Amino acid sequence: MKVKVLCRNPDDYVRETTRDIQRVPRNYDPTLHPFEVPREYTRALNATKLERVFAKPFVASLDGHRDGISCITKHAKSLSTVISGACDGEVKLWNLPRQECLRTVQAHEGFVRGICSRFCGTSFFTVGDDKTIKQWNLEAPGYGVREEPINTILGKAVFTGIDHHQRESTFVTCGQTVDIWDEQRSSPIRSFSWGVDSFSCVRYNPVETELLASCASDRSIVLYDTRESAPLRKVIMQLRSNTLCWNPMEAYYFTCANEDYNLYTYDIRHLDVPVTVHMDHVSAVLDVDYSPTGREFVSASFDKTIRIFPKDKGHSREVYHTKRMQHVICVRWSADNKYVLSGSDEMNIRLWKANASEKLGLLSTREKAAAHYNKKLIEKFQHHPQVRRIARHRHLPGDILKQKREQREMKEARRRREQNVRKHSKPGSVPLLTEKEKHVAAVVE
Amino acid sequence: MAADEEELSINEQAISASEDEEGSDDERKHKKLLEAISSMGSRKRKKQNERSEASVQVSEFFVNAEGTGEKVNLSDLLGTVEKTSGASNKTKKQLRNLQSSKETLELPLNKQQTEKIQRGIAYEKTAAEVSCWRNIILQNQKAEQMVFPLNQESPGPKRVEQVVAGWKVQTPLEQEIFRLLHINSQPVDDPVLTPVEEQSLKAMSLEEAKIRRAELQKARALQSYYEAKAKREKKIKSKKYHKVQRKAKCKDFLKQFDEMVKTNPEGALEELKKMELSRMEERMSLKHQNSGKWAKSKAIMAKYDDSARKAMQEQLQMNKDLTQKIVVPSDDEHESNEEGLETIPDFVNDSEPVIDSVNPWMRGQLTHEEPEVSCVTTEDVQTAEEENEEEELVGEFERKRKLRQADEEDLIPTEEEQPASEVVEEDVVEVSDKEEEDDDDDDEEEEEEDVSEFNTLFRLMRSEKTLEEDEEGLLNEGQIRVRNIEDLEVLGEFVDPQPIAEPSLPRTAAVEATSEPPYKKKREIDLKEVLTKEAKAVKVPFLPTVVDEEERDEQISIIKEAFAGDDVISDFIKDKSKLEAAGRPEVVDLTLPGWGEWGGVGLKPSRWKRKRFRIKTAPPPPRQDQKLPDVIISENRNASVASHQVSQLPFPFQNTAQFESSIRTPIGPTWNTQSVVKNMTKPKVITKMGAIIEPMVKEDFIKNKTTTPGGKGPAIMLGENKRAKEGTKRSSEKHRGRRSQKRRK
């Protein structure tokens, strides 16, 4: 005789630990859970509001410098260490978690123009207004021992920037020319020049490590390949570019910070038109740095704000400012994609969260899941007017807002004028230029 | 070397001499020193350097050519060549020619130009090199999820030999075991993978292998389904079914052929040839001639049986069809016929806002019968009917099969039908085109152009503006600081609610109505005509064309004549009153018979009860079009909801249906199981806490693809590739170095 027995699998109702929450059997029948869209919409709206409420990006301010910060660099191997140089020639090493200065070095007379850390994280290089390149040990000297550079190279002209190769012991400086140096030698291995101009910034491509790009004072951006005998190509823009940064995940894209308040992302294979024009700043953009994931970049501007742009969007997703922060001169994105560092005129280095409303520290799985769900909800309902309105709202200081309005008006007026000119001239004689095409003056081979 | 030593010795002598005198006479000493120094760099030195005796090593500094300063002439070389027997006559001749020619070589390019060329070449090379990243970058951009840092080592326990290096066999037992392993050529140090496995891994990465496997699986599954289907269909005994199938196939083929004519004329030609061939065969054979055994038996039956007669008739018809030559219809007739058939129904049935401004009646939907086409003969009608029947049958079969399939499996991807919208758009365009042709005036054209240009400019300007406003990431920056949720609520008041249009209905619905042209006559294919047919040039007017007053009056009268039967105005009034009636509050009757009084057949609830339980709702606010007699304003739009609705179709979506479906699918745990939620809400970028995200390393992502077989390529190629090869070699060395460094740490 067959006996049927009711049985229950204990896995279905027994908790793994007593601290675990009770297992609740659920019925996913859609008729039991009506109004999916309105309910999710409400959740999305709440998530958006909470996101704005919790958006407190400012983490810490590191003070100690006695002059404006001119450059910051990340330690190659340690997330917690940051090196900064000031306009009085002082270089400071900071410990970020403890928010304190570990070491102070009087590196140069006059400005420290550039700092870069060696790829192995044992030493760093500085260049200054006193025409020297100095290599410093990252380890602090013993008690009572004087701070002395490992190596000093005396140059002929002022160096304005420096960058180190990703894997080899060569570095590049810029000034009157772009020079490539071997660490072991006191004279440059190679030096590139193309016309008479001075350079403000030079950067190695982190992926295609033999490629270089530099910003020159004749409004141009010049590309080099260290394996070639001559520079590759030059783009001349309407105004000067201050700095540039390569995308660390996409070998052929770089973004430059321009004097005309915009940033331009270029594809080095097609230099005649920038891929994207990033607008939002209301004053010259002074520095730019990519996030290590290559998805976004942060820019520092003379208008006392920092903005974070998605790499392929024309407008910023975030703007950071504080009352006391003056012209932001340098900005860096931390290597773990979590923080942004900014150095400004009023002698402070500020630490910001890259994601303003992100919760810091370890999250439990449920917290993580909730955060992901909320993020997805906001993304799903991002086009709905109420959600969009709240998600987009940012507070801006009055003067910046005023400038913004003013510039919008000016732009509108310029556009109207151009249109009128076009209307009253021979058809085809005034070509219709897109925003991207407007800013490139020429590409020189 | 010898000279240097000599000099040194001289110096030493000089110094020692001065020392001997112990500084008695400074002048002399100085003189001597000067002499010694001057002897170092003077011309005397050269004279000294003359070779005086034979030695094994001949320094290059000692050799001086006899005729230094004199130029080497070609004749010098020629003299020796003439004497040597080895040199061929050809070379001698060439050399002689060279001697006689007076041409000089061209000047080299100037420095600027050479540099420019160099730069150009270098740039091309670098650009080509960099574009090898394209695939990886695109893949990363499209990836649903990226995990940083890239190339993370897999978590979990590792094998001993991965962690510990330099472990050696010690005990005798181990030695014994390893000896055995050696003998059987098994891997001794127990690697994670056997050589064979490693090879296979190298051949194909895991991802690729997975993709390949999935593909193969799918192909196999599809094949098996197809086979099963074929078997099933083969088993069906119904002759009618097979007949129907054949006809359907034929029809399909015709359709395909039509498309082929447009896309692949060569293929179409071949098909046509095939048809010709089949015709020939038919003419040769006695098939379908009603001369077979079956036909004879049928012929006997034909007197009494209607169906037999019909079958015979069919056979004959088939023969006729097959042997019929493909007829060449005259061009203009065909054209006009087609157009006449195509355009009229489109014109009438079009529910879209018709471009013609003159003809306001075209807007409304008219109850309209299918136009009877006079030229279709009765036979055709019959065949069409037959076809319809067959179609129905086929459809039924299809439906049944689909049901069965759905029961069995739904893995097979059903092919979506091509949206018919494109075709219809073309039709519409054609119509407008014709109209334009009708009322074109030369003078007006220029004006129109001007106006249209302004108009386009204006439109462009407006679109720019809207684009600017609606750009994705544009932040809404203001002076209001948001501190808590209440502030967020208040935020709304500052933004005046924009008038939001209702989401536009998907056009496809309207479009489908007109998508099937009523012209269904069997086409006769003309080879040349079909293949050399050119596309019609279509002009689209930017503005509704301006028409003269007189012409307009004429038009109106024509329209009036055409629509004399339809009373459009009364229709409109009816519609409006209907809408008004629908908007009026209804009386809700809640009276229940039998409660509180007698109930039964023929008994009505009492008046007081009716009065009490009939509930009148409050009248709605007056309609907006109450005072406008010839306007209907829809009241469907709800202002309170509109502020929460999306007014425009957001960017990546193609139509409203897509967007709506994306909104309709819930992602929350209330509606989905845990794993689904996890999958749906996974973030795009995952970073590991406290880990440094290094930039991409070229060697990890781009495999060395430049492994050309040595010796086969030309020598010049080698020179060009040298750089790349060197680079890879260098980098691989470097890479190895880095790895070893890591291990050391």
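The questions below set values against definitions.

This is a predicted model, where local features need pLDDT of at least 70, side-chain atom pairs count only at pLDDT 80 or more, and totals for chains, interfaces and linings use all residues. Residues are numbered from 1 along each chain as its sequence is written, chains are lettered from A and ligands numbered from 1 in the order in which they are written, and side-chain values use heavy atoms, without hydrogens and water.

Q: Why is Arg233(A) called buried?
A: Buried means under 20% relative accessible area, exposed over 50%, and partly exposed in between (1.4 Å probe, protein chains only). Arg233(A) has 11% relative accessibility, so Arg233(A) counts as buried.

Q: Why does Glu445(A) count as partly exposed?
A: Its relative accessibility is 39%, so Glu445(A) counts as partly exposed.

Q: What makes Glu445(A) and Arg233(A) a salt bridge?
A: A salt bridge needs a side-chain nitrogen of Lys or Arg within 4 Å of a carboxyl oxygen of Asp or Glu. The closest N and O atoms of Glu445(A) and Arg233(A) are 3.4 Å apart, and the two form a salt bridge. The pair links distant parts of the chain, 212 residues apart. Glu445(A) is in the segment after strand 30 of chain A, and Arg233(A) is in strand 17 of chain A. Strands (E, at least two residues) and helices (H or I, at least four) are DSSP runs, numbered from the N terminus.

Q: What makes Glu296(A) and Arg317(A) a salt bridge?
A: Their side chains meet at 2.5 Å, N to O. Glu296(A) has 18% relative accessibility, so Glu296(A) counts as buried.

Q: How do you know that Arg279(B) and Glu276(B) form a salt bridge?
A: The closest N and O atoms of Arg279(B) and Glu276(B) are 3.7 Å apart. Both residues lie in helix 13 of chain B, three residues apart, about one turn of the helix.

Q: How many salt bridges are found over all chains?
A: A search of the whole structure finds 39.
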